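Please have the sequence and the model open while reading.

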Amino acid sequence: FVVLVVAQAIPILPALAALAVLSAATALLLRPYIQDLDDVARFARDLRPEEAPVPALRTDIANDLLTALKLSRREFRTQSEEVAARLKFHETLFDSLPSPILLLDRQRRIIGENAAARKVFGRQQRDRDLAALLRNPDLLDAADQVLAGEPGGAVEFTLPSPANTEYRAMVEPLPRPGPGGAAAVLSLHDITALKRVEQMRADFIANASHELRTPLAALLGFIETLQGPARNDSVAREKFLGIMQQQATRMARLIDDLLSLSRIERTRHVPPTEAVDLALVARHVVDGLGPLAEQTGARLTIDAPAAVVVTGDRDELLRVAENLIENAVKYGGAGDGASPKPVRVRVSAVGARAFFAVNDEGPGIAAEHLPRLTERFYRVDAGDSRRKGGTGLGLAIVKHVLTRHRGRLYVDSRPGEGATFTAEIPLRGDDVLSIK
Ligand code: ADP
């Protein structure tokens, strides 16, 4: 137009009129497209897509655009739901881990924790420095090193509450920063039970070695004496050989008890199956201990009017009866020459439980010793126990056997008033097949 007007090919007024008509026609033609675009843009801007009204559009191209937009919105929603579900799953997983876990940021602040950590440390730990929670310098050093880019490591420490819990803490760097700036993970593993077992094993080996060394040293001493100064002394030889026999018997007993203990421990998860009459077991042991009772001044009686049948291991139950009755006879006897003191053995059944009780009128046991009596090598008076041929393992064996038999040991005693040891075992049910 401009060229034509300038070249005066067409006059200006008609040209302007034609231009106006052309512009108006174009605007009219484009109007539905502009309105549709406006509607689609408004729809796209709405942040709550479910509530946004779907506009009625006039043009095909805008309809195509709207369809594409709705599709990508649906895809986006599906993916967001999936991400939320995964997040929830990982949170649940994190919370279900039994060990306390803390997330640390670069400044060593706690920025997240799982349910186990909340249980141990409470809920108010967020955004505090790790040092406010755990003051162990080695642990803080390990955390600092990890946050400075060093590889992770483990530190062991004791937390006074709850109840002196021993932990092994592992600090590990995260390969890339987590949500909220998490840079390292601190996990705590309760190793209290493990440490206790370790300690018990070490104590056990030390005790067993000591118990074996004492008679062995005596034996070696007497052998040397018999080879040297007492070589031709027949009186001394007889005396020493007697002592040597005692010491060797003591060692053999100790080894027998140690082997019994380890055998019982090995089978502790295998329930016994035999039908065993505790009354017969008790009678058998009482008969066998008659001579010892005579020596120690004990009057051994038994009250077992009927068969009391349990599901058990006969040999192991014999060891229980032997240990309990022998202890009562050993510790509860009146001594040589004095008028004998009673030791009563009673076997009974009450409800669904069998009871095997041994009562003596000996010196009794002070309350502080009672909870420890079933520990291996625990004795109230070690010298007295050794003199009487004790190994310190009898009640430990009793306890292990009873545990395997789903039973319990009760001790009732006061100093000066004797003692009653009662083993309780479930009676055999209706499935009694045969009585051994
Ligand atoms: P030991 O071989 O020393 O007898 P046990 O494990 O059988 O070992 O018993 C542990 C300790 O318990 C004994 O050393 C003794 O001090 C005490 N004890 C056990 N039975 C009696 C009892 N009837 N009267 C007094 N003390 C007892």
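A polar contact is a pair of N or O atoms within 3.5 Å; within protein, one atom must be able to donate a hydrogen and the other to accept it, and residues adjacent in sequence count only if both atoms are side-chain atoms. In this predicted model, a nitrogen atom of the ligand is 2.9 Å from an N or O atom in the side chain of aspartate 360. The model is predicted, with local features needing pLDDT of at least 70 and side-chain atom pairs counting only at pLDDT 80 or more, while totals for chains, interfaces and linings use all residues. Residues are numbered from 1 along each chain as its sequence is written, and side-chain values use heavy atoms, with hydrogens and water left out.

**Ligand surroundings**

- There are 18 residues around the ligand, and Asn327, Tyr331, Ser385, Thr391 and Gly392 come nearest (near: a heavy atom within 4 Å).
- An oxygen atom of the ligand lies 2.6 Å from a polar side-chain atom of serine 385.
- Threonine 391 places a backbone N or O atom 2.8 Å from an oxygen atom of the ligand.

**Largest pocket**

- Pockets and cavities are found on a 1 Å grid over the protein atoms alone: a cavity is a set of points where a 1.4 Å probe fits but cannot get out, a pocket is an open set with protein on both sides within 12 Å along at least five of seven lines, and lining residues have an atom within 4 Å of a point.
- Grid points are joined across faces, edges and corners, and a volume is the space filled by probe spheres set on the points.
- The largest pocket holds about 740 Å³ of space.
- Its lining has 20 residues, with Met200, Phe204, Glu265, Arg376 and His400 nearest the centre.
- Helix α6 gives the largest share of this lining, seven residues, and both α6 and α12 (394–404) supply at least two (helices are DSSP runs of H or I, at least four residues, and strands are runs of E, at least two, numbered from the N terminus).
- The lining of the largest pocket has eight nonpolar, four polar and eight charged residues (nonpolar: Ala, Val, Leu, Ile, Met, Phe, Trp, Tyr, Cys and Pro; charged: Asp, Glu, Lys and Arg; polar: the others, Gly among them).

**Cavities**

- Two cavities of 30 Å³ or more are present.
- The largest cavity has about 40 Å³ of space, and its lining is made of eight nonpolar residues, with no polar and no charged ones.
- Among the residues lining the largest cavity are Leu278, Phe356 and Ile425; α10 supplies the largest share, three residues.
- The second largest cavity has about 30 Å³ of space and is lined by Glu211, Pro215, Arg250, Leu254, Gly390 and Thr391.
- Helices α6 (192–227) and α7 (234–266) each supply at least two residues of the lining of the second largest cavity.

**Strand β1**

- Strand β1 (residues 101–105) is largely enclosed by the rest of the structure, because four of its five residues are buried (under 20% relative accessible area, 1.4 Å probe, protein chains only).
- β1 runs antiparallel to β5 (residues 182–190), with five bridges, and leucine 104 has alanine 184 as its bridge partner in β5 (strands pair if DSSP finds at least two bridges between them).
- β1 also runs antiparallel to β2 (residues 110–113), with three bridges, and leucine 102 stands opposite glutamate 113 in β2.
- Four residues lie between the strands in the hairpin of β1 and β2, where arginine 108 takes a positive phi near 75 degrees.

Methods: Buried < 20%, exposed > 50% of the residue type's maximum accessible area, 1.4 Å probe, protein only.
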